[in-house]
Amino acid sequence: GNVRFMPELVYFITELALAASSGLDSSSRAEERSGLFLSKIVRPIYRVVFDEWYDEVDVDEGSGKDKPRLKAALKAFLPPNVGNYDDWNELFCDPKRLVASMKLNDKCPLFDLPHEERFAALER
């Protein structure tokens, strides 16, 4: 999985970050903010996308590379290294579906929050 194949998602996150930029702590170093962005925003997105298709990651003994193991119910229908990014991109193109789908871990709808607070809430 790779977030770069989901441009609508990247745009959405960027827009939330820009709306929140006035409230961000500018005293922290750029490296710290970058690491937090990856761990708090990108990695959870990757996990959701990965969990939709795969059970776990094995290591290929020959190459030593990661080898995702496709869910058993999907093996007959999909190639072993699949990524259905179109479904994710389409979600961000349908405002009604996006609003209905975007729930935080605490079940709070993201769009119930004020616009400038949504980026900070993504890690919830």
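**An aromatic cluster and its surroundings**

Author: In this predicted model, F12, F92 and F111 form one aromatic cluster.

Reader: How many aromatic pairs does the structure hold, and what is the geometry of the one between F12 and F92?

Author: The structure holds four aromatic pairs. In the one formed by F12 and F92, the rings are tilted, with 5.2 Å from centre to centre and 55° between the planes. This pair links distant parts of the chain, since F12 belongs to helix 1 while F92 sits in the loop between helix 3 and helix 4 (95-101), 80 residues apart.

Reader: And what about F12 and F111?

Author: F12 and F111 also form a tilted pair, at 6.1 Å centre to centre and with 50° between the planes. Here again distant parts of the chain are linked, with F12 in helix 1 and F111 in the loop between helix 4 and helix 5, 99 residues apart.

Reader: Is F111 buried or partly exposed, and why?

Author: F111 counts as partly exposed because its relative accessibility is 22%, and buried would require a value under 20%. F12, by contrast, is buried with a relative accessible area of 11%, and F92 counts as buried at 15% relative accessibility.

Reader: Which residues does F12 touch, if I leave out those up to four places away in sequence?

Author: On that basis F12 touches F92, L98, M102, L110 and F111.

Reader: Then which residues of the largest nonpolar core touch the most other members?

Author: That core has 23 residues, and the ones touching the most other members are M6, L9, F12, I45, L110 and F119. Helix 1 (7-20), helix 2 (30-53), helix 3 (85-91) and helix 5 (118-121) each supply at least two of its residues, and the largest share, six residues, comes from helix 1. As a general background, nonpolar side chains in soluble globular proteins tend to be buried together.

Reader: Let's stay with helix 1, then: which of its residues are buried, and where do they lie around the axis?

Author: The buried residues of helix 1 are L9, F12, I13, L16, A17 and A20. They lie on the same side of helix 1, because they cover an arc of only 130° around the axis. On the other side of helix 1, Y11 and L18 are exposed.

Reader: What span should helix 1 have, and what is the distance between its end C-alpha atoms?

Author: At 1.5 Å a residue, the 14 residues of helix 1 should span 20 Å, and the end C-alpha atoms are 20 Å apart, so the two values agree.

Reader: Changing topic, where is D55 found, and what is it in contact with beyond its neighbours within four places in sequence?

Author: D55 is found in strand 1, which covers residues 54-59, and beyond those neighbours it is in contact with F50, R69, L70, K71 and A72. D55 and R69 are 14 residues apart in sequence, and their C-alpha atoms are 5.8 Å apart in space. With a relative accessibility of 48%, D55 counts as partly exposed.

Reader: Finally, what pattern does the protein follow along the sequence, and what share of its residues is buried?

Author: Read along the sequence, the pattern is α-α-β-β-α-α-α, made up of five helices and two strands. Buried residues account for 24% of the 124 residues in the protein. Its accessible surface comes to about 8600 Å², of which 55% belongs to carbon and sulfur atoms.

Methods. Residues are numbered from 1 along each chain as its sequence is written. This is a predicted model: local features need pLDDT of at least 70, side-chain atom pairs count only at pLDDT 80 or more; totals for chains, interfaces and linings use all residues. Side-chain values use heavy atoms; hydrogens and water are left out. A nonpolar core is a set of buried Ala, Val, Leu, Ile, Met, Phe, Trp, Tyr and Cys residues joined through side-chain atoms within 4.5 Å. Buried means under 20% relative accessible area, exposed over 50%, partly exposed in between (1.4 Å probe, protein chains only). Helices (H or I, at least four residues) and strands (E, at least two) are DSSP runs, numbered from the N terminus. Contact means heavy atoms within 4.5 Å. Rings of Phe, Tyr and Trp (its six-membered ring) pair if their centres lie within 6.5 Å; planes under 30 degrees apart count as stacked, over 60 as edge-to-face and the rest as tilted. Accessible areas come from the Shrake-Rupley method with a 1.4 Å probe; for residues, only the protein chains shown count as cover. The expected span of a helix is 1.5 Å times one less than its number of residues. The arc is that of the directions from the helix axis to the C-beta atoms.
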